Amino acid sequence: ENMEEKKSLHQKLNGRIIKILLGSTLIIAIIIAMLLGSYRYYRDHVIETEQNDMLNLVTAVSRKLELYFESKDRYIREIMKEAQFKEDFVSLLNNDDEGIRLIGIMYRTNEEEINSIEITDKNGNLLTSYGETHGNTYYISEDMKLAVETKSPVYYVQSRGRKSINIIQPVNIDESKEPEGFIRVRISADYIYENYIEAYKSNETGYISVKDSSGNLFLHPSNQFIGSDVVDVRKMQYPDYDWSELEDIVT
């Protein structure tokens, strides 16, 4: 009889232990599930916050750049309306190499940000220039060819050589006729980066880079990578990372 009581007590004790173990396991599982849920929520929240911060950052930088280039574009067009400009331009066309005084003033007062200003005839041939083009070999580049062909304003990212963002405006002395020439203002990429992009970053180690329409890095804190393909640069820096999403974005 004592043996049966002991056996019964032992079974009850084992049953309680099993219940305690099952209960503990369930509680641990619930805690782990809650922790995982909290982690996922926190992770998703952090990612969403970072994405929103980046979007706001890009929007702010883009707007500042837009306003900057709009002001430069407007300045060029206002200069071309002046009688003094038209008089000097006609003199240039007639082989009088005195230059255009208002353009000379524009270059001298903005020399820090402008690589060069070039005045051409209707075929894109150089009449006179201010800045780094002066005294150097001039050739009719891709953006000038496009302006001559379309007879319209051209905005162009020059990512080779001395990098710049170029604004070309047609010169219309008589508004009823075709352009008689063009003005090209080449704005320094270094100036743009240092004054409108470099100060913006999403964290202490982050930075903003800009690529041109061909996927080549145009504005970047390290000159080492300027002109290189953005995907190739990332693969070189982080060879073990999957950059397929970036390839889909830039191609």
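## Salt bridges overall

Searching the whole structure turns up seven salt bridges. Please keep in mind that this is a predicted model.

Let us begin with E78 and K81, whose side chains form a salt bridge with an N to O distance of 3.3 Å. Both residues belong to helix α1 (residues 2-81), where they sit three residues apart, about one turn of the helix. In general, an α-helix has 3.6 residues a turn, so residues three or four places apart point the same way.

How exposed are the two partners? E78 is partly exposed, at 39% relative accessible area, while K81 counts as exposed, at 56%.

## A pair between two helices

Next come D88 and R101, whose side chains meet in a salt bridge at 2.8 Å, N to O. D88 is part of helix α2 (residues 83-93) and R101 is part of helix α3, so this pair ties together parts that lie 13 residues apart in sequence. D88 is buried, with 5% relative accessibility, whereas R101 is partly exposed, at 47%.

## A network between strands

R184 and E118 also form a salt bridge, with their closest N and O atoms 2.5 Å apart. This pair links distant parts of the chain: R184 lies in strand β5 (residues 181-188) and E118 in strand β1, 66 residues apart.

Together with D143, E118 and R184 are linked in a network of salt bridges.

## The two sides of helix α3

Which residues of helix α3 (residues 101-109) are buried? They are I103, G104, M106 and Y107. Viewed down the axis of α3, these buried residues fall within an arc of 160°, so they line one face of the helix. On the face turned away from that buried side, you will find the exposed residues R108 and T109.

## A buried charge without a salt bridge

Finally, look for D121 in strand β1 (residues 114-121). D121 is buried but has no salt bridge, and the nearest side chain of opposite charge, that of K122, is 8.4 Å away.

What does the side chain of D121 reach instead? It reaches the backbone nitrogen of N123, at 2.9 Å. Leaving aside residues up to four places away in sequence, D121 touches L93, L127, E180, G181 and F182.

Definitions and conventions: Residues are numbered from 1 along each chain as its sequence is written. This is a predicted model: local features need pLDDT of at least 70, side-chain atom pairs count only at pLDDT 80 or more; totals for chains, interfaces and linings use all residues. Side-chain values use heavy atoms; hydrogens and water are left out. Buried means under 20% relative accessible area, exposed over 50%, partly exposed in between (1.4 Å probe, protein chains only). Helices (H or I, at least four residues) and strands (E, at least two) are DSSP runs, numbered from the N terminus. The arc is that of the directions from the helix axis to the C-beta atoms. Lys and Arg count as positive and Asp and Glu as negative; His and the chain ends are not counted. A salt bridge is a side-chain nitrogen of Lys or Arg within 4 Å of a carboxyl oxygen of Asp or Glu. A polar contact is a pair of N or O atoms within 3.5 Å; within protein, one must be able to donate a hydrogen and the other to accept it, and residues adjacent in sequence count only if both atoms are side-chain atoms. Contact means heavy atoms within 4.5 Å.
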